[in-house]
Amino acid sequence: QVQLVESGGGLVQSGGSLRLSCAASGRTFSSYAMGWFRQAPGKERDFVSGINWSGSRSYYADSVKGRFTISRDNAKNTVYLQMNSLKPEDTAVYYCAAGNIPTMSGRYDYWGQGTQVTVSS
């Protein structure tokens, strides 16, 4: 069992930056691939980024490549999403999830409650 708690969301102007954190409970965090997803109002939840258990491989949606960076610290049971050059279309609730494969096609069994990111123009 893994419990996930996101933090770091907020209101930022277009072009600004935010860093999201996702703290996990449980001693098996390092065995999971981790992913970040987002859901804008009236839209489906989309894959944003994923990272494998060791942090050696990461994956990104085309819409965030070059602007977002995912990382993890297994000693702290935490995964991060550094978001730079934010755009209004990045506005969404961001969720972290623990799963088996760090891509959009992975199976994610555990989800956080989400954190709101709002980018003003």
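1. A disulfide is a pair of cysteine sulfur atoms within 2.5 Å. This predicted model has one, found by a search of the whole structure. Cys 22 and Cys 96 form the bond, with their sulfur atoms 1.9 Å apart.

2. Which parts of the chain does the pair link? Distant ones: Cys 22 sits in strand β3 and Cys 96 in strand β9, 74 residues apart. The torsion about the S-S bond is about 45°, so the disulfide is right-handed.

3. Are the two cysteines buried or exposed? The cut-off for buried is under 20% relative accessible area. Cys 22 has 0% relative accessibility, so Cys 22 counts as buried. Cys 96 also has 0%, and therefore counts as buried.

4. Next, the sheet that contains β3. Four strands form an open sheet in the order β1-β3-β8-β7, with antiparallel pairing. β1 (4–7) and β7 are the edge strands, and each pairs on one side only. From one strand to the next, the twist averages 15°.

5. Inside that sheet, β3 and β8 pair in the antiparallel sense over six bridges. Ala 23 stands opposite Thr 78 in β8.

6. Now the core. In soluble globular proteins, nonpolar side chains tend to be buried together. Here the largest nonpolar core has 28 residues. Met 34, Trp 36, Leu 81, Met 83 and Tyr 94 touch the most other members. Strands that each supply at least two residues of this core include β3 (18–24), β8 (78–83) and β9 (92–99).

7. Take Met 83 from that group. Leaving aside residues up to four places away in sequence, Met 83 touches Gly 16, Ser 17, Leu 18, Leu 20, Arg 67, Phe 68, Tyr 94 and Val 117.

Note on methods
Residues numbered from 1 in each chain as written. Predicted model: local features only at pLDDT ≥ 70, side-chain atom pairs only at ≥ 80, totals over all residues. Heavy atoms only, no water. Core = buried A, V, L, I, M, F, W, Y, C linked by side-chain atoms within 4.5 Å. Buried < 20%, exposed > 50% of the residue type's maximum accessible area, 1.4 Å probe, protein only. Contact = heavy atoms within 4.5 Å. Pairing = 2+ DSSP bridges. Axes fitted to C-alpha atoms, helices over the stretch in contact; angles between N-to-C directions.
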